[in-house]
Amino acid sequence: MQQEEYANLVVQTSKGGSMPGLTRKDIEIGLRELGQALHLSKLDLQGLDLSKLDLRRIDFSEANLSGVNFKGSKLNGANLKGALLIKADLYEVNLDSILPSSVTENLISPLASDPLYITDLSDADLRGATLKYATLRFTNLSKAILTGANLAVAQLTGANLTEADLRWANLDRANLKEAQFAGAIYNVETQWSSGLIPLLTGATLVN
């Protein structure tokens, strides 16, 4: 796919068109040509290798990202509203200050915009991921591997963390109101928000 053709397809997509059969090379060309203006919303990208890419502020809203390999990529400020990330590999991904919708330069706080409603991160590998300040309200994180993940000050109101692996995770100052932890596991190294009693959440302490 030539760069000009790719740019034209991106324009078509932004107007409601489609972009079938994208490859990692296509994404790399799009990033090089359009940078953060690249829109990948509503596309089927499942199974792609997008590891070690700079994907900051890219629009992935409502895209199918199931099984995508994001290992070591930068996703700061990316739009993942409504995205499907079942079994996506986000090992050591930087997702801090992730935002659900368009980002403006004068946005005062990463917590000021509408939340990511019903984003599906179930079964996602988020080991060591940086999710500090992330807005993940009502996000499905069931069975997600969050070992060593940094979720400090994250907005997790109503999030589904059932059967998640929270060992060594940092949940310091995270908003966990109405979050679900049934069947989740944690260890003595897991850091919780002040005032929260882990044993009362339904999570299980393991060695």
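This report walks through a predicted model of one protein chain.

## Overall layout

Let's start with the big picture. The protein chain has two helices and two strands.

## Surface and interior

How much of the chain is buried? Of its 207 residues, 48% are buried. The accessible surface amounts to about 10,000 Å², and carbon and sulfur atoms contribute 47% of that.

Contacts tell us about the fold too. Take those in the protein chain with a separation of 6 or more: 20% of them join residues 24 or more positions apart.

## A look at helix 2

Helix 2 covers residues 24–34. Which of its residues are buried? They are D26, I27, I29, G30 and L31. Just after helix 2 comes G35, with a positive phi of about 60°.

Now follow the chain into the loop between helix 2 and strand 1, where strand 1 spans residues 185–186. K52 sits in this loop, and its phi is near 55°, a positive value in a residue other than glycine. Is K52 buried or exposed? With a relative accessible area of 71%, K52 is exposed, because exposed means over 50%.

E163 belongs to the loop between helix 2 and strand 1 as well. The phi of E163 is near 60°, again positive in a residue other than glycine. E163 has a relative accessibility of 47%, so it counts as partly exposed: that label covers values between the 20% limit for buried and the 50% limit for exposed.

Terms used. Residues numbered from 1 in each chain as written. Predicted model: local features only at pLDDT ≥ 70, side-chain atom pairs only at ≥ 80, totals over all residues. Heavy atoms only, no water. Helix = DSSP H or I, 4+ residues; strand = E, 2+ residues; numbered from the N terminus. Buried < 20%, exposed > 50% of the residue type's maximum accessible area, 1.4 Å probe, protein only. Contact = heavy atoms within 4.5 Å. Areas by Shrake-Rupley, 256 points an atom, 1.4 Å probe, with all protein chains shown as cover.
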